[in-house]
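Subject: Structure for your files, with notes

Hello,

Here is the structure we talked about. My notes on the helix packing and the contact between the chains follow it.

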2 protein chains.
Amino acid sequence: MDKSTTKQRLLDVAEKLFADSGYHCTSLRKITAEAGVNLASVSYHFGSKEALVEAIFERRLRPLNEERLGRLEAVRADAAAAGRKPTAEEALRAFIEPTLRFRDSAPGARYFLHLIGRALTEPDDAVRSIFFRMVGPLFALLFEVLTETLPNLSRNQVFWRLNFAIGAISRCTFLPEKLPVVPPGVELEPSPDLQIDMLVGFLVAGMEAS
Amino acid sequence: MDKSTTKQRLLDVAEKLFADSGYHCTSLRKITAEAGVNLASVSYHFGSKEALVEAIFERRLRPLNEERLGRLEAVRADAAAAGRKPTAEEALRAFIEPTLRFRDSAPGARYFLHLIGRALTEPDDAVRSIFFRMVGPLFALLFEVLTETLPNLSRNQVFWRLNFAIGAISRCTFLPEKLPVVPPGVELEPSPDLQIDMLVGFLVAGMEAS
DNA sequence: CGGCAATTAAAACAAACGTTTGACTTATTT
DNA sequence: AAATAAGTCAAACGTTTGTTTTAATTGCCG
């Protein structure tokens, strides 16, 4: 950490603090203090607090989205090559597997997952817009593929079931440390593969419900 | 609105503004200005900004939670009286129907639903604690009933499926005005009954998935 | 009407915020 | 080695925040 540049330390520390306490509850003074850099360096390297959080999203979300987009297009292409429609499970796995495996893909990636778990309900318009702009095309493609896989459902039904699914997925990328109730015997941080299986099993059944 | 007391105007206006822009992005000056009351009246009537948001939660969430608790206990009692286990659909409807019908139950109730839709990921520890303290017993009971209805699932599986369900439900109580993608032909605000049917159909299938 | 408590009003409080400034140091280039 | 660029630093900027203070006003009861 000490050998990295100021810019990268800012990205790493801000990512963690934003994930812990949210955008507005995290001041630039907290970030720069914990990073051991000067307060003005945020302005120098990024221009503003908002540009800092945008850079954080850009760094992690761009490669993640490219992977999910590629997987989704591959699902579509494979099915077309085989002369069939893709299945709901294929479409959902193309989105979910990269997302949940992302947690252990890099140091600090788990903090970023926490951050995007809160992005759907982010109170700040500017910050939410940054996120929505980046995931918009991905959600649109996922919606299109799902309408193909579920021809018996209206577009409205697919839209809402996709919304339900996104809500369920976000509970895997963001579980607050203080839960209202944690019964004994539950695993708060299952392995990505186990979590994927639980989530896909749940969502495929919900998506294909008659 | 003009005839109501200062205290109630503060509750109504703050509820709406907190729902629109979140707790931290809404200043007491915005609230008191829009309510047409003096800034110091928040301190006088409630004591602090945090106590104000707690009063907002208290006012709406207490009766809503009592209704959901009552319905859940009734589901349990009815099944026991009939010598059978409750079904997952009964348990989920006991929670979901009061929640989604709450939107049209009173003026301003829709704003409060927006507010609790964000409460799960609220960045402020104190505000999130207020919410979690109020819904904790309810979630605990819902978890217990669901473990009874799904004897083939481990407690860990029930816990996570309940989490998925809560995430899906929260997408009905909070849909941001600016969505990443809104395909043509979707109904962004369906009637409570239609939304309940869509949600229950989705969640029962997911809950009971093998 | 007079008096007391409840409420509202205007002003000021200290603290924290994001941002900017200008001097200083380090690194790179010519 | 000189000159230019890049980066860091402490300090201060003006604004906004939640909260407090003190005075004025209102409403109610004897």
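**Helix packing in chain B**

In this predicted model, helix H1 (residues 6–21) of chain B packs with helix H2 (residues 28–35) of chain B at an angle of about 125°, their axes being 9 Å apart. That makes H1(B) oblique to H2(B), because angles under 35 degrees count as roughly parallel, over 145 as roughly antiparallel, 65 to 115 as roughly perpendicular and the rest as oblique. Axes here are lines fitted to C-alpha atoms, for helices over the stretch in contact, and angles run from 0 to 180 degrees between N-to-C directions. Helices (H or I, at least four residues) and strands (E, at least two) are DSSP runs, numbered from the N terminus.

The crossing of H1(B) and H2(B) is right-handed (a crossing is left-handed if the near helix is turned anticlockwise from the far one by less than a right angle, and right-handed if clockwise). On the H1(B) side the contact (heavy atoms within 4.5 Å) is made by Arg9(B), Leu10(B), Val13(B), Ala14(B), Lys16(B), Leu17(B) and Phe18(B), and on the H2(B) side by Lys30(B), Ile31(B), Thr32(B), Glu34(B) and Ala35(B). Sorted by class, these are 7 nonpolar, 1 polar and 4 charged residues (Ala, Val, Leu, Ile, Met, Phe, Trp, Tyr, Cys and Pro count as nonpolar, Asp, Glu, Lys and Arg as charged, and the others, Gly among them, as polar).

Helix H5 (residues 88–101) and helix H7 (residues 125–149), also of chain B, have axes 9 Å apart and an angle of about 165°. H5(B) and H7(B) are therefore roughly antiparallel, and their crossing is left-handed. H5(B) contributes Ala88(B), Ala91(B) and Phe95(B) to the contact, while H7(B) contributes Leu138(B), Phe139(B), Leu142(B), Val145(B), Leu146(B) and Thr149(B). This contact has 8 nonpolar residues, 1 polar and no charged ones.

**Chain A**

Chain A has 9 helices and 0 strands. Its C-alpha atoms fill a box of roughly 60 × 40 × 30 Å along the principal axes. Within helix H5 (residues 88–101) of chain A, Glu89(A) and Arg93(A) lie 4 residues apart, about one turn of the helix. Their side chains meet in a salt bridge (2.9 Å, N to O), the term being used for a side-chain nitrogen of Lys or Arg within 4 Å of a carboxyl oxygen of Asp or Glu. Over all chains, the whole structure has 38 salt bridges.

**Between the chains**

How much area is buried between chain A and chain B? The figure is about 4700 Å², with 73% of that given by carbon and sulfur atoms; buried area is the accessible area (1.4 Å probe) that two parts lose on being put together, summed over both. In chain A, Trp160(A), Phe164(A) and Phe202(A) lose the most area to chain B, together 17% of what that side buries. The contact involves 56 residues of chain A and 56 residues of chain B.

There are 2 salt bridges between chain A and chain B. Glu177(A) and Arg128(B) form a salt bridge through their side chains (2.9 Å, N to O).

Helix H9 (residues 192–207) of chain A and helix H9 (residues 192–207) of chain B have axes that come within 7 Å and cross at roughly 135°. That makes H9(A) oblique to H9(B), and the crossing is right-handed. The residues in contact are Phe202(A), Leu203(A), Ala205(A), Gly206(A) and Met207(A) from H9(A), with Phe202(B), Leu203(B), Ala205(B), Gly206(B) and Met207(B) from H9(B). By class they are 8 nonpolar, 2 polar and no charged residues.

**Conventions**

Residues are numbered from 1 along each chain as its sequence is written, and chains are lettered from A and ligands numbered from 1 in the order in which they are written. Local features need pLDDT of at least 70 and side-chain atom pairs count only at pLDDT 80 or more, while totals for chains, interfaces and linings use all residues; side-chain values use heavy atoms, with hydrogens and water left out.

Regards
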